[in-house]
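Q: Please take a close look at the aromatic pairs in this predicted model. Which rings meet, and how are they placed?

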Protein chains: 2
Amino acid sequence: MSLQNEVPAKPRKIPVQSRSEATVEAIFEGAIQVLVESGPRYLTTTRVAERAGVSVGTLYQYFANIDGLMVAILERHLRKVIDRVVAICAKQHGQPLSAMTQALTDEFIDAKTERLDVTRALYAVAYDLKGLELIEQLSERSVDAIRDMLTTAPDVAVDAPDQVAAVIHAAMAGVVQIVLGKAGKPTDLHALRYHIRHLVLGYLTSLGPSAR
Amino acid sequence: MSLQNEVPAKPRKIPVQSRSEATVEAIFEGAIQVLVESGPRYLTTTRVAERAGVSVGTLYQYFANIDGLMVAILERHLRKVIDRVVAICAKQHGQPLSAMTQALTDEFIDAKTERLDVTRALYAVAYDLKGLELIEQLSERSVDAIRDMLTTAPDVAVDAPDQVAAVIHAAMAGVVQIVLGKAGKPTDLHALRYHIRHLVLGYLTSLGPSAR
DNA sequence: ACCTGAACACCGTTCAAGT
DNA sequence: ACCTGAACACCGTTCAAGT
């Protein structure tokens with residue numbers, strides 16, 4: 001049939017023997033390698049299977065199709081980043097706005113640059129997948145955490161915290177995506193941290209800093 | 001040979017007869033249609049050729065390969081947006097910072113949303129192409145225009161205007177990309193304009209507004 | 001329970017042949 | 001000068017057959 005199918009997520013089969021756990025892990029590893037070395041256009045079932053040391057048939061036992069594999073890889077990465085954002089937000093409850101901002105933006109950049117090559121490779125994967133409610137669901141968790149943090153700031157009352165949190169998330173993710181997306185130069189992380197911090201903090205104060 | 005080739009740009013042949021001008025136009029049209037209706041994963045030579053009413057061979061007369069076609073489509077779109085940014089920046093020389101900001105951010109969003117479906121379809125195309133010095137070259141024009149505008153602001157002196165202009169460009173492009181990327185809801189453009197304006201203006205003032 | 005690999009439809013690209 | 005479409009290597013996906 002045509003390619004015009006949905007994008008199914010996750011392993012279609014849950015490993016019950018330890019042998020297959022190793023297989024799934026090998027597939028992930030192989031996929032990441034192909035992705036980083038050759039880019040998303042070369043992430044083919046053949047190549048991944050070869051790298052992983054399994055046959056194509058095996059790959060299809062765990063992933064509904066190549067998009068399913070892409071989604072699984074992307075999800076893994078996003079979960080790691082979002083988990084860190086959620087954690088840091090919880091930890092900053094009650095801190096002054098500037099401290100919140102710095103902690104949040106620094107943590108976000110740290111998480112995204114821990115494996116910079118993988119992050120870069122995955123930007124393309126993310127956009128290749130249409131729909132992508134997965135990403136929206138995950139970033140919703142992040143937006144919620146940011147909003148909940150903002151409402152506990154002792155020095156400022158943020159209006160419409162839902163919208164504001166969404167903008168902050170988009171600003172961080174968007175700028176980092178554009179800046180890290182540049183394959184060439186090595187990226188000045190110190191400067192990036194500084195500017196994103198001011199972007200977010202400036203935005204928050206510019207909205208009308210209702211002193212509390 | 002392998003797919004591991006460079007991404008060549010532009011038509012390999014310049015149309016000299018009016019017949020072929022029409023052919024190139026038809027190919028572009030067909031490609032945009034496929035892209036918008038089915039997404040970047042379905043942008044195949046077969047489909048584009050069929051839509052355009054030409055044979056695959058003809059397509060290859062004007063584009064070195066499928067990536068070349070993608071680049072050409074993307075470039076067309078980016079040029080339109082960047083041209084508008086460059087023009088508005090020139091027009092705002094000498095205006096106060098807040099007026100500059102509003103003009104710039106509004107114009108950017110206008111340009112990106114004029115053909116929202118096409119814009120969305122092209123985000124994926126952009127990331128599919130590795131390297132992409134094209135995009136960097138084009139956005140450099142935009143960054144330069146923003147910097148040149150900023151240095152003429154009568155009310156504020158911006159430090160390190162090069163870096164700042166790059167951040168502003170990335171912030172606008174990044175946020176718009178993330179927000180418009182969400183396929184679901186219709187996007188509240190009015191709110192988007194408002195928040196991006198404050199994001200950029202807040203950033204600029206937060207950097208330390210050296211009153212002039 | 002898990003793995004293999006041949007089989008088939010489809011895509012990218014080329015090129016000899018046409019007008 | 002421009003266009004066609006069969007040909008070939010390769011990719012996604014399936015499934016009968018193996019352990």
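A: A:Tyr127 is buried, as is B:Tyr123; buried means under 20% relative accessible area, exposed over 50%, partly exposed in between (1.4 Å probe, protein chains only). This is a predicted model, in which local features need pLDDT of at least 70, side-chain atom pairs count only at pLDDT 80 or more, and totals for chains, interfaces and linings use all residues. Residues are numbered from 1 along each chain as its sequence is written, chains are lettered from A and ligands numbered from 1 in the order in which they are written, and side-chain values use heavy atoms, without hydrogens and water.

A:Tyr123, A:Tyr127, B:Tyr123 and B:Tyr127 make up one aromatic cluster. Over all chains, the whole structure holds 5 aromatic pairs. Rings of Phe, Tyr and Trp (its six-membered ring) pair if their centres lie within 6.5 Å; planes under 30 degrees apart count as stacked, over 60 as edge-to-face and the rest as tilted.

A:Phe28 and A:Phe63 have ring centres 5.8 Å apart and planes at 90 degrees, so this pair is edge-to-face. A:Phe28 counts as buried, at 8% relative accessibility. A:Phe63 also counts as buried, at 0%. For A:Tyr127 and B:Tyr123, the ring centres are 5.9 Å apart and the planes at 50 degrees, so that pair is tilted.

A charge also sits over a ring here: A:Arg76 has its charged end over A:Phe28, 4.2 Å from the ring centre. B:Arg76 lies over the face of B:Phe28, at 4.2 Å from the ring centre. The criterion is NZ of Lys or CZ of Arg within 6 Å of the ring centre and within 35 degrees of the ring normal.
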